[in-house]
Amino acid sequence: LLTAMELKVCALLKMKLTSSNICSVLFLSKRTIEFHRLNIRKKMNIAKNDDIYLILSGIETTYLIPAV
């Protein structure tokens with residue numbers, strides 16, 4: 001299960017934002033964003049050489065909106 005922050009990062013990755021752009025939007029360090037990206041890859045079984053943008057583009061956006 002992805003955390004609320006990982007879901008936010010997924011939604012921003014789906015919009016093709018880079019880690020640098022995401023850290024500016026979420027006011028987090030680039031290292032923190034990279035940590036979230038790694039956790040997303042592990043939890044979703046996305047290989048290191050797979051394009052995370054391409055995989056996330058195939059997922060319905062409503063699944064990436066964190067519950068309040």
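1. A disulfide is taken here as a pair of cysteine sulfur atoms within 2.5 Å. In this predicted model, the count under that rule is 0 disulfides.

2. Two packed helices are described by the angle between their axes and the distance between the axes. For helix 2 (residues 19-26) and helix 3 (residues 30-43), the angle is about 110° and the axes are 9 Å apart. The two helices are therefore roughly perpendicular to each other, and helix 2 passes helix 3 in a right-handed crossing.

3. On the side of helix 2, the contact involves Ser19, Ser20, Ile22, Cys23 and Leu26; helix 3 contributes Lys30, Ile33, Glu34 and Arg37.

4. Most residues other than glycine have a negative phi. Lysine 16, although not a glycine, has a positive phi of about 65°. This lysine lies in the loop between helix 1 (4-14) and helix 2, and its relative accessibility of 60% makes lysine 16 exposed.

5. Phenylalanine 27 is likewise not a glycine, yet has a positive phi of about 55°. The loop between helix 2 and helix 3 holds phenylalanine 27. Its relative accessibility is 75%, so phenylalanine 27 counts as exposed.

Conventions. Residues are numbered from 1 along each chain as its sequence is written. This is a predicted model: local features need pLDDT of at least 70, side-chain atom pairs count only at pLDDT 80 or more; totals for chains, interfaces and linings use all residues. Side-chain values use heavy atoms; hydrogens and water are left out. Axes are lines fitted to C-alpha atoms, for helices over the stretch in contact, and angles run from 0 to 180 degrees between N-to-C directions. Helices (H or I, at least four residues) and strands (E, at least two) are DSSP runs, numbered from the N terminus. Angles under 35 degrees count as roughly parallel, over 145 as roughly antiparallel, 65 to 115 as roughly perpendicular and the rest as oblique. A crossing is left-handed if the near helix is turned anticlockwise from the far one by less than a right angle, and right-handed if clockwise. Contact means heavy atoms within 4.5 Å. Buried means under 20% relative accessible area, exposed over 50%, partly exposed in between (1.4 Å probe, protein chains only).
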